[in-house]
Amino acid sequence: MNIVIIGATSAIAHGVAKKYCSQKNSVFYLVGRSQDKLSAIADDLRVRGAQQVYTDACLFTDVKQYQTLFSRILASMKTLDIVLIAHGSLTHQERAEQDALYTFDELHTNFTSVVGLGVVAAEQCKKQRSGTIAIIGSVAGERGRQSNYLYGAAKAGVTAFCSGLRNRLMPFNVHVLTILPGFVDTPMTAEIPKNFLFAKADDVGAAIVNAIEKKKNVLYTPFFWLYIMTIVKIIPEFIYKRLKT
Ligand SMILES: NC(=O)c1ccc[n+]([C@@H]2O[C@H](COP(=O)([O-])OP(=O)(O)OC[C@H]3O[C@@H](n4cnc5c(N)ncnc54)[C@H](OP(=O)(O)O)[C@@H]3O)[C@@H](O)[C@H]2O)c1
């Protein structure tokens, strides 16, 4: 199975990759910003039984590089079975409220770059009439909260993009999975005090692999976030706007 992971240095993405190592013939193409970090992950996956691991350190969020990146991927793997788009940055809300350039950068990291890479991946999967595109959004995109709505807005865009892409690619036998994690204990949340709601990256990774196998459309992970977000979404706006969220 050929697995491309964009943002492969993410702890959640690593959790996904570790799970695929236990399956036969797993070939990985890991894309990230840092060769050192990618090499460490590649070594780990080889020890765990990966058949082949390619690494590609590049500025993958630069729009001019999307096509050439996928040309390099296709030179190493003839078909794409799974493309996981995992990169993201937890936007500093207060800074974003006062710094439009920072906000634009964050929106690019969390939304437009994800869409751009998704568009290129989708064209290839459509051409080959197979494959799964799995994209990590967030429950933060389900309803804006005053404490993180700029990150949430980008993730809401990711969810809408996945929904439309899934609809468009269905006739071409290409599946799209929207992944909506709640709190996960990873470097991204290192500064946030931990509580019982925090999941482990490896558990979230295992849930993602299971959802890909079962061709789920939307994965809330851990599962209880579906119930939490259902309640959050039904709170009437005239009450919600008064809450300290
Ligand atoms: N952790 C959570 O609670 C949580 C909850 C919901 C959704 N998510 C989403 O899950 C995904 C994976 O995050 P994680 O929790 O596994 O965090 P993580 O381990 O900190 O990984 C973040 C990843 O994003 C990359 N990245 C960050 N800023 C970037 C930029 N400006 N340009 C390119 N790459 C950048 C990082 O690359 P480097 O290694 O090079 O820094 C790393 O690969 C993200 O999309 C995140 O939004 C996380």
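This is a predicted model: local features need pLDDT of at least 70, side-chain atom pairs count only at pLDDT 80 or more; totals for chains, interfaces and linings use all residues.
Which are the buried residues of helix 1? Residues are numbered from 1 along each chain as its sequence is written.

**Figure 1. Burial of helix 1 (residues 11–21).** The buried residues are Ile 12, Ala 13, His 14, Gly 15, Val 16, Ala 17, Lys 18 and Tyr 20. Because eight of its eleven residues are buried, helix 1 is largely enclosed by the rest of the structure. Helices (DSSP H or I, at least four residues) and strands (E, at least two) are numbered from the N terminus.

**Figure 2. Crossing of helix 1 and helix 7 (residues 201–213).** The two axes cross at roughly 60° and come within 7 Å. Axes are lines fitted to C-alpha atoms over the stretch in contact, and angles run from 0 to 180 degrees between N-to-C directions. Helix 1 and helix 7 are therefore oblique to each other (under 35 degrees is roughly parallel, over 145 roughly antiparallel, 65 to 115 roughly perpendicular, the rest oblique). Helix 1 passes helix 7 in a right-handed crossing, meaning that the near helix is turned clockwise from the far one by less than a right angle. Residues of helix 1 in the contact (C-beta atoms, placed from the backbone, within 7 Å) include His 14 and Lys 18, and those of helix 7 include Asp 202 and Ile 208.

**Figure 3. Packing of helix 3 (residues 66–76) on helix 5 (residues 100–128).** The axes lie 10 Å apart at an angle of about 40°, and the crossing is right-handed. Tyr 66, Gln 67, Phe 70 and Leu 74 of helix 3 meet Gly 116, Leu 117, Val 120 and Gln 124 of helix 5.

**Figure 4. Residues around the ligand.** The ligand is surrounded by 24 residues, the closest being Thr 9, Ser 10, Gly 88, Thr 186 and Met 188; a residue is near if its C-beta atom, placed from the backbone, lies within 6 Å. Met 188 sits in the loop between strand 7 (184–185) and strand 8 (199–200). With 16 C-beta neighbours inside 10 Å, Met 188 counts as partly exposed. Leu 90 is 98 residues from Met 188 in sequence, with 6.4 Å between their C-alpha atoms.

Notes
Two residues are in contact if their C-beta atoms, placed from the backbone, lie within 7 Å. A residue is buried if 20 or more other C-beta atoms lie within 10 Å of its own, exposed if 12 or fewer, and partly exposed in between; C-beta atoms are placed from the backbone.
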